[in-house]
Amino acid sequence: MPADPSLRLFAQRATRTSSGSILILLAISGLAILGLVFLAAIWAGRESDAAALDRQRKLVNGRLMDQVQRVSQDIQLMGAGYGSLLMADSTMASGKSEGAGATSAATFGKIATTVFGYNAAFLVTPAGELALQSDPETSRRFKWVRPLLQPMIQDLEARQQGAPHGPNSDPEPSRVELMRLEGRPSVAGVVSVTGSSKDAAPDGNHANRLYLVAFRFLDGITLDMLSREQGLAGARYARTADQEQDEVAFEIEATASREPIGFIIWKPDLPGSRVIGRLVPVLSVAGLFIAGLFFALMGRLRGSLRELSASEHHARHLSLHDVLTGLPNRALFAARFEQCLAAMRSPGKRAVLALVDLDKFKEVNDIHGHAAGDELLRGVVERMNGLIGAGDTLARLGGDEFALLLPDARAGDDRHILLCNAIIEALGKPFQLHGGDVVVRIGCSVGIAAFQDAAQATSEILRRADVALYEAKTKGRGRLIEYDPSLDHRVEARENLKNDLRLVLENHANPPGGADNLRPDHPGHLEVFFQGVHRADARGRLSGAEVLVRWRHPAHGLLSPDRFIPIAEEAGMIDQLGEWVLRSAARTAASWPADMSVAVNVSPSQIRHRDFDRQVLSILAETGLPPSRLELELTEAALFNIDENAQGTLGRLRSHGIRIALDDFGTGFSSLSHLIQFNIDRIKIDRSFVRLLGTQAEGAAIVSAILGLSRTLGKATTAEGVETEGQRDFLVAAGCNDLQGFLFSRPVPLADFLSSLRSAQVMRPQAAAASSPRD
């Protein structure tokens with residue numbers, strides 16, 4: 001049977017995994033098809049663009065070659081024309097025809113540059129000098145381009161001289177090259193121009209051979225014509241390849257050196273990009289539509305699986321983790337505890353379990369609400385998580401109790417002690433709640449149980465840690481206790497005492513006789529003791545009494561409150577105990593003289609009870625004690641943690657005449673605002689300050705300051721713990737109202753107090769008679 005849930009879980013996982021795999025394959029297939037369509041369109045467009053760009057480059061290169069070829073043809077025609085002019089000029093008389101020949105040649109040069117569209121034309125000698133007189137501008141221009149054109153002239157001259165002579169010889173008539181002239185890309189041509197044949201030299205060379213040099217720029221009219229003919233959008237010339245992202249550059253190379261002389265840049269016509277630009281929106285819409293349909297179908301199929309998976313994951317998480325803090329809960333902690341015990345079968349393994357219980361968490365919850373309590377728990381967990389190691393387990397067992405499992409604690413290693421002390425220190429620092437509007441201090445108690453025997457039961461280890469935690473809280477909280485076998489006896493005795501106290505409060509009956517008459521199995525009974533309060537004057541007469549509870553136990557004898565009050569608070573019996581003490585005190589004090597009051601201590605839990613004021617008034621009505629003779633004593637800690645409801649309760653009690661006293665003033669959360677906010681009637685000076693009188697100067701200063709403050713605020717004062725006459729004299733002189741302490745009387749049972757009360761009543765008439773004037 002235990003395997004069935006695992007098999008079901010495995011089957012569910014297998015089904016979910018199989019369905020998920022099919023959906024993933026379908027999704028990948030659909031996306032792959034759409035992706036292939038897009039890739040095919042992009043590839044076809046790019047191939048078309050590449051072909052178009054290559055075609056445009058070839059057309060540009062062809063047009064450049066055409067320019068070279070045209071220049072070659074044009075320059076040969078111009079060379080022939082120049083030759084004809086020179087031959088015609090040679091037949092004329094030299095004396096009267098030289099000027100005319102030069103003028104004809106110059107005129108032909110202008111016609112050549114104008115008609116044939118060249119930027120410049122020069123007639124030069126083989127040595128590279130101008131053959132005709134020219135204007136200064138032409139001479140200067142030729143001077144700049146001569147170094148670049150001279151190699152062409154020399155090369156053509158060398159070819160002319162080296163060519164065989166005869167009727168069938170045909171030396172190269174011209175030379176055309178691409179080069180950069182005047183900083184611009186140009187096509188330049190050189191052709192030999194020869195005059196009359198009868199002037200030839202004996203070796204066959206022409207002595208009067210000249211050369212016609214002409215060049216045309218490619219970046220002006222020629223580039224515009226090229227752009228119009230080839231459809232080059234925005235064609236321009238640049239010395240460097242500075243094209244934009246959407247432009248293309250064609251490099252023009254020099255014919256002789258093959259070095260770049262410039263770049264033709266234009267925006268290419270890319271038909272593929274145009275097609276892609278038109279197809280992409282259509283394909284995108286179609287793809288989105290197809291994808292939408294596909295994922296809609298898949299979504300319906302996955303819906304149930306996703307919900308099932310999410311609910312299963314959430315359920316598993318909730319079953320193993322605390323909802324509020326996210327920590328492992330009892331179930332997950334128990335599983336990890338079992339894993340830890342299983343791992344301890346190997347020798348040398350040792351582990352530690354620590355139980356952490358928050359101090360004063362219930363007060364924060366009661367005063368500031370559950371929202372503040374939840375925020376506080378999250379803050380506590382954040383601080384503890386910052387201290388524990390990666391292999392440790394921190395779990396919330398419930399409420400304000402946490403468990404910390406340290407699986408790797410070596411023998412003799414005190415890391416767990418240091419860690420727990422660090423946790424106590426961290427949780428003892430203030431917590432800011434509600435965005436800093438509320439600041440609280442709580443602290444924690446820690447119980448530790450180390451174990452290294454895998455045979456030990458989990459419940460036994462938890463019990464030991466709980467016993468150590470119980471002892472830590474008993475000894476004052478805010479500390480850690482490591483388990484020791486001797487703690488079991490103390491816990492057992494404390495549990496027995498708790499059970500006995502519960503029986504005592506349930507019985508509400510005091511057996512007749514003293515402790516000697518109690519049966520051994522009887523839990524005993526509670527008694528009220530009284531300690532007198534005396535006027536701070538010369539006579540020191542009795543003005544009232546403070547009620548103190550005692551427990552006569554058949555085994556432990558007479559127990560003081562510090563032995564069982566903490567047990568009552570822990571077990572939730574303090575309200576029941578406080579009600580019993582108040583009723584017993586009121587019933588007894590009802591028969592006292594009318595000028596005597598009774599003071600009863602009230603716990604913070606009683607004050608926070610919603611019906612506390614009605615309960616007190618009901619007891620007064622039942623016993624017949626006037627409200628003006630009842631004084632309720634509260635500690636400063638109780639006032640510090642009071643809420644608005646409790647404050648209203650105190651106000652209603654005061655409105656009926658009941659007085660409120662602030663006990664142990666100056667030793668707790670001292671706040672002068674409490675004296676005004678809660679309309680305190682009496683301040684009780686703590687015995688720790690009274691004890692300093694006569695021994696330390698600070699004691700007198702503190703007591704005097706308290707008395708001065710009380711007089712200023714109009715509050716009555718009572719000094720506790722008066723044990724010497726010196727203390728009494730100082731307090732009387734300082735203006736204290738009432739005194740209480742062993743100097744006058746110790747807390748005594750009711751019978752003894754009534755006896756002292758009767759003696760005081762007898763002494764009063766005598767004192768009055770002694771003080772009356774004689775006739």
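The legends below describe close-up views of a predicted model.

Residues are numbered from 1 along each chain as its sequence is written, and side-chain values use heavy atoms, with hydrogens and water left out. Because the model is predicted, local features need pLDDT of at least 70 and side-chain atom pairs count only at pLDDT 80 or more, while totals for chains, interfaces and linings use all residues.

**View 1. The protein as a whole.** The protein has 22 helices and 24 strands; these are DSSP runs numbered from the N terminus, with at least four residues (H or I) for a helix and at least two (E) for a strand. Of its 775 residues, 40% are buried. Buried means under 20% relative accessible area, exposed means over 50%, and partly exposed lies in between (1.4 Å probe, protein chains only). Among contacts with a separation of 6 or more, 65% come from residues 24 or more positions apart, a contact being heavy atoms within 4.5 Å.

**View 2. The open sheet of strands S1 to S4.** Four strands form an open sheet in the order S1-S4-S3-S2, with antiparallel pairing. Strands S1 (120–124) and S2 (174–181) are at the edges with a single partner strand each, so one side of each has no neighbour in the sheet. On average, neighbouring strands of this sheet are turned by 20 degrees against each other, direction ignored. Strands of a sheet pair through backbone hydrogen bonds, either parallel or antiparallel. Two strands count as paired if DSSP finds at least two bridges between them; S1 and strand S4 (residues 210–217) are joined by five bridges and run antiparallel. Phe-122 stands opposite Val-213 in S4.

**View 3. Glu-157 in helix H3.** Glu-157 is placed in helix H3 (residues 136–162). With a relative accessible area of 11%, Glu-157 is buried. Neighbours within four places in sequence aside, its contacts are Pro-126, Arg-209 and Tyr-211.

**View 4. Glu-338 in helix H6.** Helix H6 (residues 330–343) contains Glu-338, which is partly exposed at a relative accessible area of 44%. The side chain of Glu-338 makes a polar contact with that of Thr-458 (2.9 Å). A polar contact is a pair of N or O atoms within 3.5 Å; within protein, one must be able to donate a hydrogen and the other to accept it, and residues adjacent in sequence count only if both atoms are side-chain atoms. Glu-338 and Ala-457 are 119 residues apart along the chain, and their C-alpha atoms are separated by 9.5 Å.

View 5. In helix H7 (residues 361–368) the buried residues are Phe-361, Val-364, Asn-365 and Ile-367. Their cover includes strand S8 (351–358), helix H8 (370–385), strand S11 (431–433) and strand S12 (438–440). Lys-360, in the loop between S8 and H7, has a positive phi near 65 degrees although it is a residue other than glycine. Most residues other than glycine have a negative phi. Lys-360 is partly exposed at 40% relative accessibility. Just after H7, Gly-369 takes a positive phi of about 95 degrees. In the loop between S11 and S12, His-434 also has a positive phi, of about 55 degrees, and is not a glycine.

**View 6. The packing of helices H11 and H12.** Helix H11 (residues 486–507) and helix H12 (residues 561–571) pack at an angle of about 80 degrees, and their axes are 10 Å apart. H11 is therefore roughly perpendicular to H12. Angles of 65 to 115 degrees count as roughly perpendicular, under 35 as roughly parallel, over 145 as roughly antiparallel and the rest as oblique. Axes are lines fitted to C-alpha atoms, for helices over the stretch in contact, and angles run from 0 to 180 degrees between N-to-C directions. Residues of H11 including Leu-497 and Leu-501 meet residues of H12, among them Phe-564 and Ile-567.

**View 7. The largest nonpolar core.** A nonpolar core is a set of buried Ala, Val, Leu, Ile, Met, Phe, Trp, Tyr and Cys residues joined through side-chain atoms within 4.5 Å. Among the 68 residues of the largest core, Trp-592, Val-598, Leu-630, Leu-632 and Leu-731 touch the most other members. Helix H13 (residues 574–589) supplies the largest share of this core, eight residues. Beyond its neighbours within four places in sequence, Val-598 is in contact with residues including Val-547, Trp-592 and Leu-630.
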